[in-house]
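Me: Could you talk me through this model? I'd like to go from the overall picture down to single residues.

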Amino acid sequence: TVLFKVGLLMCKAMLLAMPVTNFVTGCTTIWSCGPTALCPEWCLEKPSGFCALVENKCACISYESNALILLLNFSTSTCVFGLTMQDLAAFFTARIPPMRPSLLKGLRAR
């Protein structure tokens with residue numbers, strides 16, 4: 001299970017490192033791409049919204065979270081948590097076998 005958990009943690013790291021897609025909509029004038037004060041209010045209200053030039057056109061860029069990446073990240077975390085709890089339960093319920101006397105004890109010179 002340790003190798004499986006390492007693989008899941010690597011998948012989670014890759015999912016978290018994926019770039020987030022941006023949402024581009026056109027603004028009315030190219031002057032909106034200057035300072036933040038000239039950027040339309042509807043653009044600034046979006047999460048991380050700002051105005052920028054995209055292919056010689058002013059665009060409102062906002063970062064949107066991808067639901068599929070969030071779902072995969074949540075399922076990976078849940079799976080790793082379940083496997084860790086299973087390992088901890090096996091560790092705490094393990095019994096130590098009683099020690100047997102050594103067979104070499106009888107070979108010792110008296």
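Predicted model: local features only at pLDDT ≥ 70, side-chain atom pairs only at ≥ 80, totals over all residues.

Me: OK, what does the secondary structure of the protein come to?
Reply: The protein has three helices and three strands, where helices (H or I, at least four residues) and strands (E, at least two) are DSSP runs numbered from the N terminus. Read from the N terminus, the order of the elements is α-β-α-β-β-α.

Me: And how many of the residues count as buried, as a percentage?
Reply: Of the 110 residues, 19% count as buried; buried means under 20% relative accessible area, exposed means over 50%, and partly exposed is in between, using a 1.4 Å probe and protein chains only. The protein exposes about 9,200 Å², and carbon and sulfur atoms supply 69% of that area, with areas taken from the Shrake-Rupley method with a 1.4 Å probe and, for residues, only the protein chains shown counting as cover.

Me: What about contacts between residues at least 6 apart in sequence?
Reply: Among those contacts, 55% join residues at least 24 apart, a contact being heavy atoms within 4.5 Å.

Me: Let's switch to α3. What span should its 27 residues have?
Reply: Helix α3 covers residues 67-93, and at 1.5 Å a residue its 27 residues should span 39 Å, which agrees with the 39 Å between its end C-alpha atoms. The expected span is 1.5 Å times one less than the number of residues.

Me: Which residues in α3 are buried?
Reply: Asn 73, Thr 76, Val 80 and Leu 83 are buried in α3, and what covers the buried residues of this helix includes α1. As background, an α-helix has 3.6 residues a turn, so residues three or four places apart point the same way.

Me: How far apart are the C-alpha atoms of Val 6 and Val 80?
Reply: The two C-alpha atoms are separated by 8.8 Å, although Val 6 and Val 80 are 74 residues apart along the chain. Val 6 is found in helix α1 and is partly exposed, with a relative accessible area of 39%.

Me: Which side chains meet in a salt bridge?
Reply: Lys 5 and Asp 87 do, at 2.8 Å from N to O. The pair links distant parts of the chain, with Lys 5 in helix α1 (residues 2-17) and Asp 87 in helix α3, 82 residues apart. The count comes to one salt bridge, defined as a side-chain nitrogen of Lys or Arg within 4 Å of a carboxyl oxygen of Asp or Glu.

Me: Lys 5, is that buried or exposed?
Reply: Lys 5 is buried, because its relative accessible area is 14%, whereas Asp 87 counts as partly exposed at 26%.

Me: New topic: which residues form the nonpolar patch on the surface?
Reply: Phe 81, Met 85, Leu 88, Phe 91 and Phe 92 form the patch, with about 580 Å² of accessible area together. Patches are made of residues with over 30% relative accessible area and no salt bridge, like charges being joined within 9 Å and nonpolar side chains (Val, Leu, Ile, Met, Phe, Trp, Tyr) within 5 Å. Met 85 is partly exposed, with a relative accessible area of 38%.

Me: How do Phe 91 and Phe 92 pair?
Reply: The structure holds one aromatic pair. Phe 91 and Phe 92 form an edge-to-face pair, 5.2 Å centre to centre with 75° between the planes. Rings of Phe, Tyr and Trp (its six-membered ring) pair if their centres lie within 6.5 Å, and planes under 30 degrees apart count as stacked, over 60 as edge-to-face and the rest as tilted. Phe 91 counts as exposed at 59% relative accessibility, and Phe 92 is exposed with a relative accessible area of 64%.

Definitions and conventions: Residues numbered from 1 in each chain as written. Heavy atoms only, no water.
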